[in-house]
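Here is a short tour of one protein model. Keep the 3D view open and find each element as you read.

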Amino acid sequence: MADYGILVDYEWCTGCHTCETACQMEHHLPVGQFGIKLNEVGPYEYAPDRWQLAYIPVPTDQCDFCAERLGQGKLPTCQHHCQAQCIEVGPIEELAKKATSKKKLVLFHN
Amino acid sequence: MDEKRAYVFVDHDKPWRYEEDGLTVTRGSAWSGPGCHLGCGVKLYTDEEGALVKVEGDRENPFNQGRLCIRCLDLPEVVYSDRRLLHPMKRDRADRGKDVWQRISWDEAYDEIEARLKDIRERYGAESVLFMQGTGRDIATWISRLAWSYGSPNYGFPLSGLACYLPRVSGMYSTTGSFWVCDCSQEFPDRYDNPEYEVPEVMVLWGNNPIVSNSDGFFGHWVVDLMKRGMEIMVVDPRMTWLGRRAALQLPIRPGTDAALALGMLNVIVNEDLYDHDFVDKWTYGFDKLAERVQDYPPGKVANITWIPEEKIVQAARRFATAERACIQWGLAVDMTREALPAIQAIAALTQITGNIDRPGGMIIPPEILFYGGGFGADLLSDEQTAKRIGLEKYPLLKFGFATLQPDEMVKQMETGDPYALHGMWMQTTNPLACMGADPDRFYNAAKDLDFIVGVDLFVTPTIMALADYVLPAATYPERDGLRIGDGPQRGETINKVCQVGECKSDMEINLELGRRLNPDAWPWADVKEMFSSIIGETGYSFDELREIAPAYPQYVYRKHEKGLMRPDGQPGFNTPTGRIELWSTQYAGAGLDPLPYFEEPEPGPGSTPELLDEYPLVLTTGARNWGMFHSEHRNIPRLRALRPDPIIEVHPDTALDLELRDGDWVWVENQRGRAKRRVQVTPVLLDPRFCSTDHAWWLPEEDPEDLFGVRDLAINNLVPWACGKSGFGSNYKCMLVKLYKVEDGE
């Protein structure tokens with residue numbers, strides 16, 4: 001399998017924890033362990049009416065890009081269930097090309 | 001059977017149930033409990049033993065398009081929680097509050113409950129039994145029929161001022177003849193791609209954070225979908241949320257002053273001549289009187305009331321009125337002020353005088369199969385019994401098509417026995433001591449002397465522990481069949497049983513069996529499937545057929561009011577006495593209420609009781625949702641509890657500094673009525689240092705049942721009185737004055 005990665009559009013990630021829980025349930029992870037973990041940056045007001053508040057999910061060492069699901073022709077469960085539809089899993093080369101297409105994209109080469 | 005109604009369907013790759021890699025997959029809808037009442041499309045995976053092992057979002061279902069929130073993803077851990085109620089139980093009336101349950105069979109339970117209810121009916125009249133439900137589980141249909149077929153007019157829910165959704169629903173029906181929602185393309189299976197659909201230019205999120213709360217048929221992340229497609233948002237909220245951060249304008253409103261803000265915006269729109277003259281002339285009634293009324297609310301005055309800067313109010317009004325397509329997604333905050341109906345009327349008027357009605361990207365009417373507020377089988381009740389419905393005399397608005405009793409009057413009557421004494425209570429999946437009941441001590445004291453109380457639920461809740469004599473185990477949604485005919489877009493969908501846990505039965509099975517025993521003629525169906533088929537008979541589909549083809553979308557048309565599709569007489573216009581949208585309400589006037597919208601200061605509050613500010617300087621709002629919990633559910637589910645281990649109160653950093661509070665401190669939140677324990681989270685999201693915000697519906701399932709799982713110290717509604725608005729709708733759950741102080745060691 002080619003190297004895989006995860007492209008996250010954190011302009012739109014709302015912090016709903018769906019990726020975390022979908023992953024835990026798919027991979028039978030105990031409470032407290034993650035294949036992908038949500039991070040919060042903010043909230044704070046850095047100038048009048050200017051706020052920093054963003055969420056970024058980060059894949060962990062336990063992420064296998066849902067190899068079994070991919071084999072069945074399914075999407076990885078985080079991408080499938082993501083409520084903001086801001087996660088894309090795929091071959092790293094393809095995602096690298098997309099990563100400059102707009103701002104607030106982050107590519108994990110995991 | 002009727003001719004098959006024309007629906008628009010979705011292409012399915014597979015049948016509603018199929019095999020996949022050794023597992024059985026069943027397609028269907030989700031529906032509380034557990035979780036919310038959106039009705040997302042789900043695929044339930046079961047193994048060869050018939051156990052639910054996984055839940056996935058159904059990508060073929062246009063409603064959620066495969067997406068799911070964490071509560072449905074974690075469903076198996078709710079279904080198989082070791083705390084589930086698994087069989088019927090009873091205890092002696094003298095043992096209420098004690099953990100001394102005796103297991104009984106279903107036959108014993110039905111026999112004994114039937115005998116008791118018949119005995120009460122004979123001795124005191126059927127009206128002396130209350131039939132209570134909780135949040136919008138899909139049981140209103142069945143429990144209302146159970147009440148009415150038994151002969152009791154007293155069906156409802158124990159929430160002061162019916163302050164959840166019903167104020168909005170009844171306010172809308174009273175003034176327009178319909179209910180209205182934002183057009184997010186939800187009426188079309190091809191969604192945003194539908195050629196008739198247009199994206200709203202502006203959406204106002206008013207007292208609602210839909211991405212977390214997912215309320216009432218509105219899938220919150222539709223807002224995100226639309227923002228990606230260019231929609232601008234404005235947010236009315238005392239807290240900075242993810243949506244607020246991305247809003248063109250954030251209006252940091254003082255809780256409880258929504259009506260004033262709407263009236264101030266109307267003032268700007270009217271006086272700057274920004275309204276839609278054509279729509280107002282053709283389709284509304286009473287505009288001149290409304291225009292006169294809004295003169296009492298100039299933006300400067302409204303700024304003083306709402307604590308929102310005047311220029312933001314003006315800017316919001318202009319932006320909304322000049323948008324080509326605009327809509328308002330409103331939340332519970334609007335219902336949870338005492339004078340909710342005038343607030344609702346004023347907010348709705350913003351969409352009405354700007355002509356954002358019944359057209360793409362504006363406010364639209366979801367098609368109905370059953371009238372949402374109407375219940376099922378009101379004809380079973382005699383006129384004589386109907387007239388005994390609690391609160392009907394005092395609050396005549398309840399007569400206009402609404403099925404419920406008035407809960408504030410109910411509590412009064414439980415205490416006084418006036419005009420007649422109450423003797424029994426059937427509580428079906430409702431937990432008023434932890435969740436919706438105001439002043440839970442008062443509710444407990446009013447209820448504890450009733451002769452006979454039954455609880456039906458998924459778990460032993462504080463309310464069941466405190467009050468029930470019999471408890472019946474209810475099924476979660478994967479354990480039952482059902483119809484998705486609740487609120488919001490009225491698609492034809494089914495809820496499909498895939499597993500069985502213990503001896504649990506569905507709400508519908510329980511209601512059917514008990515109904516058949518109490519009034520056989522009213523429940524002629526052999527089983528629940530036959531009952532469901534009968535309800536949807538007018539569509540031409542049976543339950544089994546609907547299950548296969550679901551989701552079935554009614555063919556949706558815009559501009560129904562121009563085409564004569566809104567009124568029973570087929571004439572153009574709206575289904576109101578004047579045939580128009582009534583900005584001046586003839587129905588309110590008929591019920592002795594002010595026919596125009598107005599603002600009244602929440603009481604107590606900074607505007608109405610300034611003398612209390614020295615003692616109680618903070619304005620508290622309650623009930624903001626968190627991701628993993630639905631009302632009083634999910635505290636007993638470790639994976640979801642881990643995201644919110646404690647009941648939180650958000651406190652502004654300046655206030656925390658003043659009060660010497662730090663993150664993680666335990667405090668008492670107190671007003672002149674009572675107090676509740678909370679854990680402090682210091683956060684700048686409060687947009688005014690005087691605001692604080694806290695969770696609702698906490699109890700600790702891991703604590704002592706005989707201490708009612710700690711609910712007495714945790715119920716934030718200890719601070720909320722049973723006191724509703726002049727119409728009988730609305731109550732101040734989300735706006736009050738409080739102080740905070742540290743919990744002492746040992747408390």
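Strand β26 (residues 666-670) of chain B pairs with strand β29 (residues 736-742) of chain B. The pairing is antiparallel and has four bridges. Two strands count as paired if DSSP finds at least two bridges between them. Helices (H or I, at least four residues) and strands (E, at least two) are DSSP runs, numbered from the N terminus. In this pair, E670(B) stands opposite K739(B) in β29(B).

This is a predicted model, in which local features need pLDDT of at least 70, side-chain atom pairs count only at pLDDT 80 or more, and totals for chains, interfaces and linings use all residues. Residues are numbered from 1 along each chain as its sequence is written, while chains are lettered from A and ligands numbered from 1 in the order in which they are written.

**The barrel**

Both β26 and β29 belong to a barrel of six strands in chain B. Its order is β24-β28-β25-β27-β26-β29, with mixed pairing. From one strand to the next, the twist averages 45°.

Now move to an earlier part of chain B.

| Pair | Sense | Bridges | Residues opposite each other |
|---|---|---|---|
| β3 (residues 23-29) and β4 (residues 41-46), chain B | antiparallel | six | V25(B) and Y45(B) |
| β4 and β5 (residues 52-57), chain B | antiparallel | five | L44(B) and V55(B) |

β4(B) and β5(B) also form a hairpin, with five residues between them. In the turn, G50(B) has a positive phi of about 85°.

How many residues of helix α4 (residues 140-150) of chain B are buried? The count is 11 of 11, so the helix is mostly covered. A residue is buried if 20 or more other C-beta atoms lie within 10 Å of its own, exposed if 12 or fewer, and partly exposed in between; C-beta atoms are placed from the backbone. Among the buried residues are W142(B), W148(B) and Y150(B). The buried residues of α4(B) pack against α3 (106-124), β8 (129-133), β9 (155-156), β17 (424-428) and α20 (507-518) of chain B. G151(B) follows the helix, with a positive phi near 115°.

Helix α9 (residues 258-271) of chain B has 13 of its 14 residues buried, so the rest of the structure largely encloses it. Just after α9(B), D273(B) has a positive phi of about 55°.

**Where two helices cross**

The axes of α3(B) and α20(B) come within 10 Å and cross at roughly 50°. That makes α3(B) oblique to α20(B). Angles under 35 degrees count as roughly parallel, over 145 as roughly antiparallel, 65 to 115 as roughly perpendicular and the rest as oblique. Residues of α3(B) that meet α20(B) include Y110(B), I113(B) and L117(B). On the α20(B) side, L514(B) and R517(B) are among the partners.

**One buried loop residue**

N209(B) sits in the loop between β11 (202-206) and α6 (210-213) of chain B. Is N209(B) buried or exposed? N209(B) is buried, with 22 other C-beta atoms within 10 Å. Leaving aside neighbours within four places in sequence, N209(B) is in contact (C-beta atoms, placed from the backbone, within 7 Å) with D237(B), T241(B), L243(B) and A624(B). T241(B) is 32 residues away along the chain, yet the two C-alpha atoms are separated by 7.5 Å.

Note on methods. Two residues are in contact if their C-beta atoms, placed from the backbone, lie within 7 Å. Axes are lines fitted to C-alpha atoms, for helices over the stretch in contact, and angles run from 0 to 180 degrees between N-to-C directions.
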